[in-house]
Amino acid sequence: MDQSSVSLRDIWKAKKRIAPYIQQSPLIYSERLSEIANCAIYLKLENLHASGSFKIRGATNKILLLTEEERKLGVTTFSTGNFGVSVAMIAKQLGIRATVCISERVPQTKVAALRRSGAQLEIYGQSQDDAAERCEQLQKSKGLTILHPFDDPEVIAGQGTIGLEIIEELPEVDTIFGGLSGGGLHSGIGVAMKTIDRSINIIGLSPTSSAAMYESIKAGKPLLVEEQDTYADSLLGGIGLNNKLTFPLVQKYVDDIILLEEEDITAGMHFMLIHHRMAIEGAAACGIGAIINKKVKLGTHNVIMITGNSVGSEVLFDIMQAHHSW
């Protein structure tokens, strides 16, 4: 693949490549959310993948394209949790050694999932950028191949397969929402949807604290942003000062980035528990919270990407205590 771009053809190739490993996720109509919004709202349930998140798509596409030599030496990645679990899962399936580097900020639920995954775990520093440094050290000392969690054309193409599934099931779609962090998801979906129809709106949602992509887009260049605590912990992490792909792709394809308060995020998590009987992480709940609290402009046929399910029971208990039923 051309290392400077991602095309719709690349996404179709990824769809075919990952098909033996990845099941198509359900797209369901949310009756209650549609009533609240007064328009059609659908949920793309990426939380139902075996790895618990959409990131299994990009991880699988990337790993399947490794050379025999790269597979033999092993791989490493840095992660806020979900990409690491996805890499560990597919690497184990293919008999490849994986080392996942995370910072001390990653929640214990995700640390436990990584420990169960069979990957070697390295906890290093206070941010995703620190964990990325550790990956570089491992590359130099052990010859491991670094799998970038978002700024990589094969990873982006893998995430873009979500867009193909949406258009196949809901050709009327006009607006897509999802939590925005490093931009791999929005880049892939942006290429897929905007190549098909430029009028489809792609909306990014980020917590008010540590919104690295939002701040970078506003500044016109990648910035370092200090990580702060948020219920949407999967959306923490920088975009990389040497970002090659996702920054320009988000600039090109994402129509708006909206910042959410913590109350918006927890409202979405609570709604999903009550009305769809699903425990989802804060990053996955952003779209629901934004709609409930009227933070976004809606189309007629809207899709929210429910990106992952990695959340601890203690967090869910606190949210249930704090919110009234809808």
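## The main pocket

Helix H7, spanning residues 128–142, gives the most to the lining of the largest pocket, putting in 7 residues. Keep in mind that this is a predicted model. The pocket comes in at a volume of about 690 Å³, and 26 residues line it. If you want a handle on the middle of it, look at Phe 78, Glu 136, His 148, Gly 240 and Asn 242, which lie nearest the centre.

Two or more lining residues come from each of helix H6 (108–116) and helix H14 (313–322). H6 has the largest share, with 3 residues.

Sorted by class, the lining of the second largest pocket has 6 nonpolar, 6 polar and 6 charged residues.

Now over to strand E2, residues 40–45, where 6 of 6 residues are buried. In a regular strand, side chains alternate between the two faces of the sheet. Here, Ala 40, Tyr 42 and Lys 44 point one way from E2, while Ile 41, Leu 43 and Leu 45 point the other way, and all are buried.

Which strands does E2 pair with? Strand E1 (residues 27–29) is joined to E2 by 3 bridges, and the two run antiparallel; Ile 28 has Leu 43 in E2 as its bridge partner. Strand E10 (residues 301–306) is joined to E2 by 6 bridges, and those two run parallel. In that pairing, Ala 40 has His 301 in E10 as its bridge partner.

## One aromatic pair

How many aromatic pairs does the structure hold? There is 1. Tyr 29 and Tyr 42 make it up, sitting edge-to-face at 5.4 Å centre to centre with 65° between the planes. Tyr 29 belongs to strand E1 and Tyr 42 to strand E2, so the pair ties together parts that are 13 residues apart in sequence.

Tyr 42 counts as buried, because its relative accessible area is 17% and the cut-off for buried is under 20%.

Conventions
Residues numbered from 1 in each chain as written. Predicted model: local features only at pLDDT ≥ 70, side-chain atom pairs only at ≥ 80, totals over all residues. Heavy atoms only, no water. 1 Å grid on protein atoms, 1.4 Å probe; cavity = no way out; pocket = protein on both sides within 12 Å on 5 of 7 lines; lining within 4 Å. Points joined across faces, edges and corners; volume = space filled by probe spheres on them. Helix = DSSP H or I, 4+ residues; strand = E, 2+ residues; numbered from the N terminus. Nonpolar A, V, L, I, M, F, W, Y, C, P; charged D, E, K, R; others polar. Buried < 20%, exposed > 50% of the residue type's maximum accessible area, 1.4 Å probe, protein only. Pairing = 2+ DSSP bridges. Phe/Tyr/Trp six-rings, centres within 6.5 Å; stacked < 30°, edge-to-face > 60°.
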